[in-house]
Amino acid sequence: MLPRTPRPGPRPRVSVIVPARDAMPTLTRALTSAMEQTIGIARLEIIAIDAGSTDGTAEELDRLAADCPALKVVHQEPGDGPGRPRNTGLDLARGDYVFFLDADGHLGPDALRRMVAMADQNGTDVVLGKMASPTGRGVPRAAFRHNQLRTDVLGSHAYSTLAPWKLFRRSLIERFQLRFPEHCRADEEQPFTAAAYLNASGISVVADYDCYHLDRREAPQNPARRGLTDRIDAIRLLFQTAARYTQPGPRRDHVMRRHIRRELCGALRALPREDEAEARTRFFPELRRWATDHCSDALFRTLTAPERLMVHLLRTGRFDDLLSVIRTAKEDARRGRLVEKGRVYWLHPFFRDPAAEVPDDCFDVTDRLPVRHHLTGAAWCGGSTLRVRGRAEVTGLDAGPEDHTELILRHRETRDELCVPVSAADSEVEGEFEADVDIAAAGGGAPLRPGVWDVYLDVRAEGVSRTIRFGSRHAEGLDIGTARRVVTAGPGLRARVTPYFTTPYGNLSLDIGPAPRGAPCEVTEALWHPSDKGTLVVAGRLLPPGSPPRDRVLRLRAEHTDGRVLDHPVRYAAGHPAGAFTARLPVRDLGRGRWTVTLALVGHGDGPPCAAPVPPPERLPGTRWLRRGRPYYAKPLTGRGAATLELRIAPVRLLAAARNRLGRRSP
């Protein structure tokens, strides 16, 4: 039975599609969570599709719809899976966006508002909201380490999660006529999500709020274990989708790597559980075709040794050997290793067995050896020298007297590499090293060229070299942003050096660019005063280092978008050789609107003042205060690529604040 014809009215922002079959008792909570979204029920339509339930689901849907005009209920005959109900919901959807809500999950109260705002502000077609599971169901974590305003499948871990519980722009779905396969018995949602990712203009990630909660439903009686018969159709569609929407090259390899490792190798590991005759005649030929068509040589080299061995045997058509390898996988994983000529090999029984005829490359584990590394500090120890401290070792190998570690700088565009020797640090921490990166001379006696330099470590042990990105594991509380500096070393070098942690992996990089011309100083810190609410404290040092000039005065300046300018004095540290100073900006006294914060050297002539930006701190939160009994806030504007700090000042909207508090208190 189709829902009644919707009344004329504005198009909803979001269509929430809920497939349901024998979904009690979790269904009620799922639908209630959609009805109580802070975005407002007037901006939603909820489409629930009952696929032939027998446990009271149909009656519960009708009961809820009687009290909620935004809820539309469709009753249809049961099918093999939720693909058909979801497609029915898509055919009826009118919203700008679509969200697929399963009956065994529920939304955080502010989820849809946050995700819609993220898509609207960044023009993205897919938004991933952070998933949570208080009941113990596994949820992806790598994709939600931090917010990402705009990314894609290469710049994020988004492709690791192909579940449909995301916000999709409906125009994307209709432009490519994306629908769920209705004949698949399992994993039917994955080809749909993969196609959306690969065609999206951009992807956003909301990681600072639990948007989607997975609840645990009671397992049905006598659950049947799903084998390859149930999964093979969806896996086939995944490979077809990835091949259709990508061109041969690094992007396709990145996408296919997930499918080779999870879907193909997962299917191979399931072969021994299938009927051997069916596995040999039905599944093996198709799996072999996927390995031949979609696993390039470059992709093959990125697989683990057990995966390379299985794919090699699959490609060469050795069904019996493949089954033997899979059946003894756990036992063989514990076998030892051989170190030979700077490479490390897995001592699998097939390794260098003349009868097996498997290349050594299938057993090479050198590039998979784990390296324990830790960045303990990064600070300037001279005018142009950045001292990097850390620890590193190759797990399972012992470093000898001839083995050593080097810090490597690699230019992101030109791929030029520079090696910086490390030495033992004067530290109580055993094994800690330090490397001095002289910005003025690291390039073979010349300054480092402008651009981004990524930091690597070359760690050696027993003649084996492992090169890894450095910085993702670092000391708790290490704020690399405080190491930003303008470096001057003679007339030939004046550069702005900004160490930072990359997104999304958090590795250490150095951004070297031209320093602002005429900048009178550099900022070392900007933070809110701990006790004086609404006051911003800015610390820095003069450029060039020294005493303050007599004919000009340094001021902390706030400039409104309408042209208003307010200056505030700075205080110098007595006797400090570099001219260190602090300044306070009473933000609470500024008017509402957007203000830019700089440091200006003001003179007595008609010429313009020299100015230095106050860089936006990475971790500066907003702040609040009371003005004439009404709460106001100041919030840094982030994600705009601005070189200087911008603050938005406005009164707090009491209704929105109350909703946010209620959302944070909800379970």
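The chain exposes about 32,500 Å² of accessible area. Carbon and sulfur atoms supply 48% of that surface. The model is predicted, and these values are computed from its atoms. Of the 667 residues, 50% count as buried.

The secondary structure comprises 14 helices and 32 strands. Contacts were also examined by their separation in sequence. Among those with a separation of 6 or more, 70% join residues 24 or more positions apart.

The mean pLDDT is 86. A value of 70 or more is reached by 88% of the residues. Residues 1-7 have pLDDT below 50. This stretch makes 13 contacts in the model beyond near neighbours in sequence.

One residue was examined at the level of its side chain. T38 lies in a loop. That loop runs between helix α1, residues 26-35, and strand β2, residues 44-51. The relative accessibility of T38 is 16%. T38 therefore counts as buried, since the cut-off for that class is under 20%. The side chain of T38 makes a polar contact with the side chain of D110. The distance for this pair is 2.4 Å.

Technical notes: Residues are numbered from 1 along each chain as its sequence is written. This is a predicted model: local features need pLDDT of at least 70, side-chain atom pairs count only at pLDDT 80 or more; totals for chains, interfaces and linings use all residues. Side-chain values use heavy atoms; hydrogens and water are left out. Helices (H or I, at least four residues) and strands (E, at least two) are DSSP runs, numbered from the N terminus. Buried means under 20% relative accessible area, exposed over 50%, partly exposed in between (1.4 Å probe, protein chains only). Contact means heavy atoms within 4.5 Å. Accessible areas come from the Shrake-Rupley method with a 1.4 Å probe; for residues, only the protein chains shown count as cover. pLDDT is the predictor's confidence in each residue, from 0 to 100. A polar contact is a pair of N or O atoms within 3.5 Å; within protein, one must be able to donate a hydrogen and the other to accept it, and residues adjacent in sequence count only if both atoms are side-chain atoms.
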